[in-house]
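This report covers backbone angles, salt bridges and a surface patch. The structure comes before the text.

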Amino acid sequence: TLQRHEFRKVVMAIEARIVLYAPDEATAQAAASAAFARMEEVDAACSDYREDSDLMRLCAAAQAIEDD
């Protein structure tokens, strides 16, 4: 029987909530952890608040080319 599980974590400066159904807590935790990890990967790549994100490095490189 599947049971409802809910997980919350702050990702991308907001509280993300994952609700899923799994047969046990360990399975649910593994799935939620994988989903939160993916959210953190997207944040690392696309954040316009983090100077070290791929997006911000791309913007900085474009600005450097434009300034030349």
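## Basis

Helices (H or I, at least four residues) and strands (E, at least two) are DSSP runs, numbered from the N terminus. This is a predicted model, in which local features need pLDDT of at least 70, side-chain atom pairs count only at pLDDT 80 or more, and totals for chains, interfaces and linings use all residues. Residues are numbered from 1 along each chain as its sequence is written, and side-chain values use heavy atoms, with hydrogens and water left out.

## Loop between β1 and β2

M12 lies in the loop between β1 and β2 (14-22), and A13 is found in that loop too. Most residues other than glycine have a negative phi. M12 has a positive phi near 60°, and A13 has a positive phi of about 70°.

Relative accessible area sorts residues into buried (under 20%), exposed (over 50%) and partly exposed (in between), with a 1.4 Å probe and protein chains only. M12 is partly exposed at 42%, whereas A13 is exposed at 73%.

## Salt bridges

A salt bridge is a side-chain nitrogen of Lys or Arg within 4 Å of a carboxyl oxygen of Asp or Glu. The count is nine. One of them joins R4 to E6, with the closest N and O atoms 3.2 Å apart. R4 is partly exposed at 46%, as is E6 at 31%.

D54 and R57 form a salt bridge at 2.2 Å, N to O. Both lie in helix α2 (residues 54-67), three residues apart, about one turn of the helix. Elsewhere, salt bridges with shared partners link R4, E6, R8, E15 and R17 into one network.
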